[in-house]
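Colleague: I am new to reading models like this one. Please show me the structure, and then I will ask about it piece by piece.

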Amino acid sequence: MRRICVYCGSNTGKRPEYAAAARDLADVLIRHDLELVYGGADKGIMGIIADAMLEQGGKVHGVIPKLLCEKEIAHEGLTE
């Protein structure tokens with residue numbers, strides 16, 4: 001296994017534990033040399049996990065509809 005797909009929201013949610021869990025998951029993926037595949041946004045939990053991966057040198061692949069890219073919510077710094 002080389003990549004893990006994570007389904008998460010473009011909102012941070014009401015509990016700070018959600019953001020902390022996203023950062024913790026990024027740490028686990030990095031430790032196991034796994035890449036992240038996710039929804040491609042730079043907002044909310046999606047942005048948090050992507051940023052945490054990238055800050056640690058991980059590879060992040062975003063999958064996002066073109067319409068959302070045009071609304072400027074696509075993460076600009078992804079690996080792919």
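**Strands and salt bridges**

Modeller: Strand β2 (residues 35-38) is covered on both faces: Glu35 and Val37 on one side, and Leu36 and Tyr38 on the other, are all buried. Buried means under 20% relative accessible area, exposed means over 50%, and partly exposed lies in between, with a 1.4 Å probe and protein chains only. Strands are DSSP runs of E of at least two residues, helices are runs of H or I of at least four, and both are numbered from the N terminus. This is a predicted model, in which local features need pLDDT of at least 70 and side-chain atom pairs count only at pLDDT 80 or more, while totals for chains, interfaces and linings use all residues. Residues are numbered from 1 along each chain as its sequence is written, and side-chain values use heavy atoms, with hydrogens and water left out.

Colleague: In which sense do strand β1 and β2 pair, parallel or antiparallel?

Modeller: Two strands pair if DSSP finds at least two bridges between them. Strand β1 (residues 3-5) and β2 have 3 bridges, and Ile4 stands opposite Leu36 in β2. The sense of the pairing is parallel.

Colleague: Which residue in β3 is the bridge partner of Leu36?

Modeller: Strand β3 (residues 60-62) runs parallel to β2, and 3 bridges join them. In β3, the bridge partner of Leu36 is Val60.

Colleague: Which helix does the chain pass through from β2 to β3?

Modeller: This β-α-β crossover is also a right-handed one. The helix, residues 44-55, is α2.

Colleague: With which residue does Arg3 form a salt bridge?

Modeller: A salt bridge is a side-chain nitrogen of Lys or Arg within 4 Å of a carboxyl oxygen of Asp or Glu. For Arg3, the closest N and O atoms are 2.8 Å apart. The pair links strand β1 to strand β2, 32 residues apart. The partner is Glu35.

Colleague: Why does Arg3 count as partly exposed, and why does Glu35 count as buried?

Modeller: Arg3 counts as partly exposed because its relative accessibility is 38%. Glu35 counts as buried because its relative accessibility is 15%.

Notes:
Right-handed = clockwise from strand over helix to strand, strands pointing away.
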